[in-house]
Amino acid sequence: MTVPDVFSTSEIEFYREVVKDAIKERKQNDLRSLKEKSEYEQSFVQCQNLWEDYPVLRELTFDQRLGEIASNLLEVSKLRVWHDQALVKEAGGRETDPHHDQPYWPIRETNTITAWIPFCDVSENNGQLGFYPGSHKVEKEQFINIFSGKVEESELQEIPQIQNIKVDYQNLKIGDVSFHHGLTFHRAKPNYSNEDRIVHTVIFFEDGSTRGDEKFHFSVDRPGIKVGQIIKSDVTPLAYPIKSIPNAPKKKISDDFLTLKMLGLLPKD
Ligand SMILES: O=C(O)CCC(=O)C(=O)O
């Protein structure tokens with residue numbers, strides 16, 4: 001759903017410049033053109049955990065207006081940040097294939113939600129996000145592999161939650177924020193425009209949630225949280241309600257992930 005006017009235009013314009021600089025710095029070693037990227041990256045490129053290495057963006061990720069809306073929508077009192085990320089659908093970038101997010105995260109409980117904050121007006125021309133209304137009400141997780149190339153139509157036909165449902169595409173203007181539940185199926189249109197569509201997203205989960213499975217994820221494997229344990233560490237700090245903004249995690253991402261660091265997906269140090 002869209003919540004209008006969460007931020008003022010000047011706030012978004014301010015953060016836009018910071019995010020652009022952060023992406024430029026993170027992606028400085030990635031010299032590939034759009035065509036040279038994988039099909040997945042042609043739908044969007046990611047810079048994760050920007051809150052760690054860009055203190056100004058930490059203020060955006062932990063902005064209490066986002067946390068309050070997210071907690072009201074989930075009807076829970078306390079939230080943690082799973083991770084944040086900038087998503088850039090480059091000019092000419094292809095569509096984002098239909099999927100829902102929860103199966104990508106090893107969180108047992110499903111009180112999860114993403115805030116999607118665009119830095120430009122978004123319409124059908126530039127990577128508009130669309131939702132399959134009501135799909136989150138089906139408590140069934142279906143892992144859609146969007147990472148290895150375009151998802152086959154035959155695979156999508158296997159998913160009852162998205163059959164015969166009209167996708168609800170959302171026009172967003174600067175200052176609006178779109179929220180989607182971790183189980184809501186969604187997709188995004190190609191970016192036909194000449195400008196990159198840059199958004200910042202923050203993924204929240206209910207405080208007290210536990211690790212559901214062994215699937216690797218930085219948010220639990222960095223702090224060594226095991227299956228069944230409560231997900232509670234400085235990698236996924238409390239996000240709402242908080243009185244002060246948290247510090248960056250103490251333990252840095254190890255150099256086992258040097259390639260991802262060099263590609264700018266993860267913070268370098
Ligand atoms: O920005 C996009 O194109 C897709 C966003 C998305 O899949 C998400 O935020 O979960």
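# Reading helices and a ligand shell

Trainee: Which residues are buried in α1?

Mentor: Ile12, Tyr15, Val19, Ala22 and Arg26 are buried in α1. Buried means that 20 or more other C-beta atoms lie within 10 Å of the residue's own; exposed means 12 or fewer, partly exposed is in between, and C-beta atoms are placed from the backbone. Helices (H or I, at least four residues) and strands (E, at least two) are DSSP runs, numbered from the N terminus. This is a predicted model: local features need pLDDT of at least 70, side-chain atom pairs count only at pLDDT 80 or more, and totals for chains, interfaces and linings use all residues. Residues are numbered from 1 along each chain as its sequence is written.

Trainee: Why do the buried residues of α1 line one face?

Mentor: Look down the axis. The buried residues of α1 fall within an arc of 90 degrees, so they line one face of the helix. The arc is that of the directions from the helix axis to the C-beta atoms. On the other side of α1, Thr9, Ser10, Glu17, Asp21 and Lys24 are exposed.

Trainee: What covers the buried residues of α1?

Mentor: The cover includes β2 (45-48), α3 (50-53), α4 (55-61), β3 and β10.

Trainee: Which residues are buried in helix α5?

Mentor: Take residues 64-74, which form α5. Leu66, Gly67, Ala70 and Ser71 are buried there. They cover an arc of only 125 degrees around the axis, which puts them on the same side of α5. Their cover includes β3, β5, β8 (177-181), β10 and β11 (238-240). Just after α5, Glu75 takes a positive phi of about 60 degrees.

Trainee: Which residues are around the ligand?

Mentor: Here, around means that the C-beta atom, placed from the backbone, lies within 6 Å of the molecule. The shell holds Phe44, Leu87, Lys89, Thr96, Asp101, Thr114, Trp116, Gly127, His186, Ala188, Val199 and Thr201. β3 (79-89), β5 (112-118), β9 (186-188) and β10 (197-206) each give two or more residues to that shell.

Trainee: Where does Ser123 lie?

Mentor: Ser123 sits in the loop between β5 and β6 (129-131). Ser123 is partly exposed, because 15 other C-beta atoms are within 10 Å.

Trainee: Which residues does Ser123 contact, leaving aside neighbours within four places in sequence?

Mentor: Contact means C-beta atoms, placed from the backbone, within 7 Å. Ser123 is in contact with Gln128 and Asn171, leaving aside those neighbours. Ser123 and Asn171 are 48 residues apart along the chain, yet 4.9 Å separates their C-alpha atoms.

Definitions and conventions
Two residues are in contact if their C-beta atoms, placed from the backbone, lie within 7 Å.
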